[in-house]
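Please walk through the structure below one part at a time. The text starts with aromatic rings and then turns to the sheet and the helices.

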Amino acid sequence: MNNPTPLLRCCAITAALFLTGISFSPSSSNLVNARTTPLNLHNNGGPYTTARKVPFNVYIESRCPDARDCLQKLVVPAYEQVADKVDFQIGYVGEVWTAPRRNVTCQHGFNECEGNRFLACANEYADSVADALDFNNCVLSSYERVPESKLLEECARDSDIDYGKIHECAYAKEGLDLLYNSVEDTISAGANFSCTVQVDKELWCVRDDYEWQCGPEHYEVGELVKYIKKLSRKAERGGDL
């Protein structure tokens, strides 16, 4: 098997080796106010992109408690306040392989890759960024149960996402392609930890091993919101982000 694309480290919940397999909270009800935001989770520069939005990216794994805490304590509450100012994207941490077949492996094994495929498919088929983020947050709130079908179905229903569509996607080539491309983008962004938060394509904070790997000015919701608003005002005045 060829060596994978380099990846330094993911969520530090376990020291176990990667398991090879086919790539394979509280629920955020407050996201309802952002549900009209156009979906732009899987599109970089495509038809959904709104000019001069602040890039806001989070990189996670479906069976990672650090990702759960990162979404619930920082990303979701910040997004609720700046939904109209950001180009929000969710990416997934893993490793990609080209031989003996095109594939993805995940730190926490086959179950995590399967969960990541469902999350990637939800991003593809959700009607809004808020719905997709809500689904990711709901699933991560019970990360130990991933990829239990009852959990995924309940979260899809609560997030107004068609479970049939994402189920079909997750177990088809489409789901593998979506996850593969997402992991490639994550590696290109240098996001080696679950959870990694980037703003304007620069590292903002990392949540790893149950701790924030950044100063309090970066893991506090108010500071993140203030920074995004500052960049947004600069863009509105015609300056580069």
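Two rings of Phe, Tyr or Trp (for Trp, the six-membered ring) count as a pair if their centres lie within 6.5 Å. By that criterion, ring pairs join Phe56, Tyr79 and Phe88 into a cluster. The model is a predicted one, and a search of the whole structure gives six aromatic pairs.

One of the six joins Trp204 and Tyr227: the ring centres are 5.0 Å apart and the planes stand at 25°, so this pair is stacked. The cut-off behind that label is an angle of under 30 degrees between planes. Because Trp204 belongs to strand S6 (residues 202-208) and Tyr227 to helix H8 (residues 221-236), the pair ties together parts that are 23 residues apart in sequence. Trp204 has a relative accessibility of 8% and counts as buried, whereas Tyr227, at 30%, counts as partly exposed.

The rings of Trp212 and Tyr219 also form a stacked pair, because their planes are at 10° and their centres 5.8 Å apart. Here Trp212 is buried, with a relative accessible area of 18%, and Tyr219 is partly exposed, with 31%. Trp212 has a charged residue over its face as well: Arg207 lies there, at 4.9 Å from the ring centre. Another such arrangement involves Arg102, which lies over the face of Tyr180 at 3.7 Å from the ring centre.

Next comes the sheet. Which order do its strands take? The sheet is open and consists of five strands, ordered S2-S1-S5-S6-S7, with mixed pairing. Strand S2 (86-92) and strand S7 (211-212) are at the edges; each has a single partner strand, so one side of each has no neighbour in the sheet.

Strands of a sheet pair through backbone hydrogen bonds, in either a parallel or an antiparallel sense. S1 and S2 run parallel and are joined by seven bridges; in S2, Gln89 is the bridge partner of Asn57. Strand S1 (residues 54-60) pairs with strand S5 (residues 196-199) in the antiparallel sense, over four bridges. Within S5, Val197 is the bridge partner of Val58.

Is S1 mostly covered or mostly open to solvent? Seven of its seven residues are buried, which makes it mostly covered. The cover extends to both faces of S1: Val54, Phe56, Val58 and Ile60 are buried on one side, and Pro55, Asn57 and Tyr59 on the other.

The helices remain. In helix H5 (residues 163-170), the residues Tyr163, Ile166, Cys169 and Ala170 are buried. They lie on the same side of H5, because the arc that they cover around the axis is only 130°. Among the elements that cover these buried residues are helix H2 (110-125), helix H3 (129-141), helix H4 (149-158) and helix H6 (173-188). At the start of H5, the backbone nitrogen of Gly164 has a side-chain oxygen of Asp162 within 2.9 Å.

Helix H3 also contains Asp134, which counts as buried at 2% relative accessibility.

Methods: Residues numbered from 1 in each chain as written. Predicted model: local features only at pLDDT ≥ 70, side-chain atom pairs only at ≥ 80, totals over all residues. Heavy atoms only, no water. Phe/Tyr/Trp six-rings, centres within 6.5 Å; stacked < 30°, edge-to-face > 60°. Helix = DSSP H or I, 4+ residues; strand = E, 2+ residues; numbered from the N terminus. Buried < 20%, exposed > 50% of the residue type's maximum accessible area, 1.4 Å probe, protein only. Lys NZ or Arg CZ within 6 Å of the ring centre and 35° of its normal. Arc of directions from axis to C-beta. Contact = heavy atoms within 4.5 Å. Polar contact = N/O pair within 3.5 Å; in protein donor to acceptor, adjacent residues only side chain to side chain. Pairing = 2+ DSSP bridges.
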